[in-house]
Every structure is written in C-alpha cells, then in structure tokens.
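Good morning, colleagues. Please look at the sequence and the structure on the screen while I describe how the two chains are built.

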Amino acid sequence: MIDRDSPLSEDELHAYVDGELPADRQEAVIAWLAAHPEQAALVDAWRAQADAIRVRYGAVADEPVPERLKVDQVMWRDRANGRSYAAMAAAAAIVAFILGGAVGWIAHSASAASPSGFDMFTAEALDAYKLYVVEVRHPVEVPGSERVHMTQWLSKRLGAELRIPDLQSIGLKLVGGRLLPGPTGAAAFYMYEGPSGERFTIYCANATATESALRYRSMDSAAAFYWVNDKVAYVVSGPADRDRLETVTKTVYEQLDKSATRKS
Amino acid sequence: MSTFRQNVEATIPALRRYARALTRNSDIADDLVQDTLVRALRSEHLFHGGDIRSWLYTILTNLNRNRLRSLARRPVLSLIEDNDAPDLAGPEAGGRDIERALATLAEDQRNALLLVVLEGLTYREVAEVQGVPIGTVMSRLARARVQIKNYLDGGRPTLRRVK
C-alpha cells in the first residue's frame, strides 16, 4: 500500500468514488483531495456522471414489469413456442423462395437480433384478433363490400398506401375492417372468414424499422406471423394451426407484393 | 414458485434498467431481458448456488455483445432508434447528453461503468461478470470516465459544428 505522503493512485480515486476504498484509506484520500483541487474537480466530475446516469435510467426499475417479462409468462411461452424457431425459419424460407430476388426482403435467421416491434405488434394484433373474432353481429366497422372506400379511409388514417388482400383463392372472404388504436398511432385491421366460420385477421401499423424477417408466435389458441415491409408492420393472425396460417400468410404476402409491383 | 424463480423474478426490474442503459432503446432492452430470462430459466438445473443477480447480469451482458456483433455484421438493419419516444420526453436536460456520451463508449467500458454506478456491483462482481481480472475492470472504468468527461466537455465537434 502507498503511504500517506505518496501521491494516490488513480485506482484509489475511482475506488473512493465507488465506495470501494478501504476504511483506513478514506481519511488520507479526503485530505489529499483537499490539497489537490484539480483532482478533486475530477472526482466531482465522475460523481456527476454517475448521478446523471442514475437520474436518466434509475426510474426504469420502478416501472411496472411488462407481462411478457414475468417469469410465468416467459416459461409458458418458451414451452409453447418450442416449435416457433423451426416454424419461423421454414416460413422465411418459403417467402424467400416465393420472392426470389425481389427487393426489400431480408430473410434473416431466427437467431438474428429481434426487430423491436415484433413483441409489441404481435401482442396488439393477437389481442385484437381474440377480441373481434368472436363477434357475431359487429365484427367489423366497414363491411367487405366497401373494399375501395375502406382502402382509402384506412390508408389515409395510417398515412401509408395500404392494400387489402383478396384471399378468395384460398376460400377466405373479406368480412370487413376497422380502425384500431395501435402502439404507433392508427392501425388497420381486416377480417376474413372461411366456409366453416374460421376467421383470420390482418393487422397493419406503421413501424420504425424498414423491414424485418418473418417471425411466428403462438399464444393460447391463436397464432400470428409478423413481418415489416416498407415501414409497415403486418401481423396475420388466426387459429393456432401453423400450416394453415402459413398458407394464409403466404397468400397475403404474395398479394401485397403483387400490388407493390403494380404500383411501381 | 421455487426460490430460484422468485430470485430471478425479483431481479427483473434491475435487469430492465441495466438493459435500457446499455441499449438506450426500450424495445430492444426488453427483448434482451426476455432472452436473458429464457436462457436463465432453461438453465435452472445448471445453477448451483452463487449470486443469481451476477449470473443474470452475465447472461444479459453476453447476449448484448452477441447482438452488437450480429448488428456489426449487417449494418443495414437500423434497429437502434435513438429517438425512442419516452427518451425524448425525459424532463432532465442533461439526460440526452449522458445518453449520447454512453453511446460513444466501447462496449466493455460501458458494461463496466453501468454495472458499477447504476447497478451497484462491486469491482469483484463486475470482474466475474466480464470474466476479467479486477485490474482490467478498473482500467475500463477509468477509460469510460475519461471518455464521458471529454464528450461532455465539448469533445464532440461533429455534432457541434453543424449549424
């Protein structure tokens, strides 16, 4: 150890600021700093940095923990989504195959960094799906017969040029759509129905990312595919039958891609 | 719920705080916490005593390092939105300054500094989390502090000269 008269090591100054200085050095450091204003100012600056960091981020620990981060939820979903990574990879491969070299699609592996909107948008979309899919009399605001009007209205509200896919080829009729509040403002929501009453929904909202990989999530009896294309997040939701949902998603994607091609 | 899971649950708010400061983006931060929890809960049988908190910080730190590496490999995806809405709404004027200052640090320095000043870990605990000797932790801490001071003292000509 350094004796009283030796200059202090910088390590000791850090330890002093961080409360790691042995008690028997405390007094020596305080005395030394009193005689060395330049170093004392440095110590003050370090303390101010630490304070600024705590002021900026400290309150995060007081925020309520989101449901998805609770231990029970995490464990349940981890088990329920055991297949999801394989599903995502398979679905991404399908879409990548469909598109071939089409521009704007990045079929990244499931291990890549997650798009920040994935959890947010799929949770919103699945909630909306579960809420409205059971509605018999008022499942939508605008009926499917007013497709043109609905396209214009929702495009205007979202500030994005939306397309409402036609899924007749796979036996799904457009029931209609509605406007929903979403995490980024307005969200558009379309509902389709099959001959046996099975319902699928498409949720569209403005995303911060330009595009993302295709991702799959199942929750309770519902499941969803999510992707972002051209700054619009899409979530296709339906009953938790992955193969069927994949077919629907594939068709939706093809439709949107065709309309994008027509546009350009 | 087992004691293990209770201890994990009790650490979640602190993990969120650490992740938020590390990534400066609330969505990415919570994704990181979620991935950390999945890893930890899957590895319950591998955990034989010790400090659960340090162990969780270690997992999160490593996951974030992997994330940054994968971003570095493909810089096209702009996942880091530094105009995260809640951040802009922060009342403290210095909040965004310290945030930008943190963003200029090397990852290992940022980890060390945040674990010490925000999470209150001891130098020894940080050394365990980072898997390095205490001396290395201290030099990372020192370099982080110099860098932040330079930044806050005006060492950011590229931002200031734009008029």
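This is a predicted model: local features need pLDDT of at least 70, side-chain atom pairs count only at pLDDT 80 or more; totals for chains, interfaces and linings use all residues.

**Chain B, then the sheet of chain A**

Read along its sequence, chain B follows the pattern α-α-α-α-α-α-α-α-α. In terms of secondary structure, chain B comes to nine helices and zero strands. Of its 163 residues, 39% count as buried. If we take the contacts in chain B between residues at least 6 apart in sequence, 66% of them join residues at least 24 apart.

I turn now to chain A. In what order do the strands of its open sheet lie? The order is 1-2-3-4-7-6-5, with seven strands and antiparallel pairing. Strand 1, residues 142-143, and strand 5, residues 215-219, stand at the edges of this sheet in chain A. Each has a single partner strand, so one side of each is left without a neighbour in the sheet.

Consider next one pair within the sheet. Strand 3 of chain A, residues 185-193, runs antiparallel to strand 4 of chain A, residues 199-206, and seven bridges join them. Within this part of the sheet, A:M191 stands opposite A:T201 of strand 4.

Which helix packs on the sheet and touches strand 5, strand 6 and strand 7 of chain A? That is helix 6 of chain A, residues 117-133, which also touches strand 2, strand 3 and strand 4. The direction of helix 6 makes about 135° with that of strand 6 of chain A. Helix 7 of chain A, residues 147-158, lies across strand 1, strand 2, strand 3 and strand 4. Helix 7 runs at about 20° to strand 2 of chain A.

Definitions and conventions: Residues are numbered from 1 along each chain as its sequence is written. Chains are lettered from A and ligands numbered from 1 in the order in which they are written. Two strands pair if DSSP finds at least two bridges between them. Helices (H or I, at least four residues) and strands (E, at least two) are DSSP runs, numbered from the N terminus. Two residues are in contact if their C-beta atoms, placed from the backbone, lie within 7 Å. Axes are lines fitted to C-alpha atoms, for helices over the stretch in contact, and angles run from 0 to 180 degrees between N-to-C directions. A residue is buried if 20 or more other C-beta atoms lie within 10 Å of its own, exposed if 12 or fewer, and partly exposed in between; C-beta atoms are placed from the backbone.
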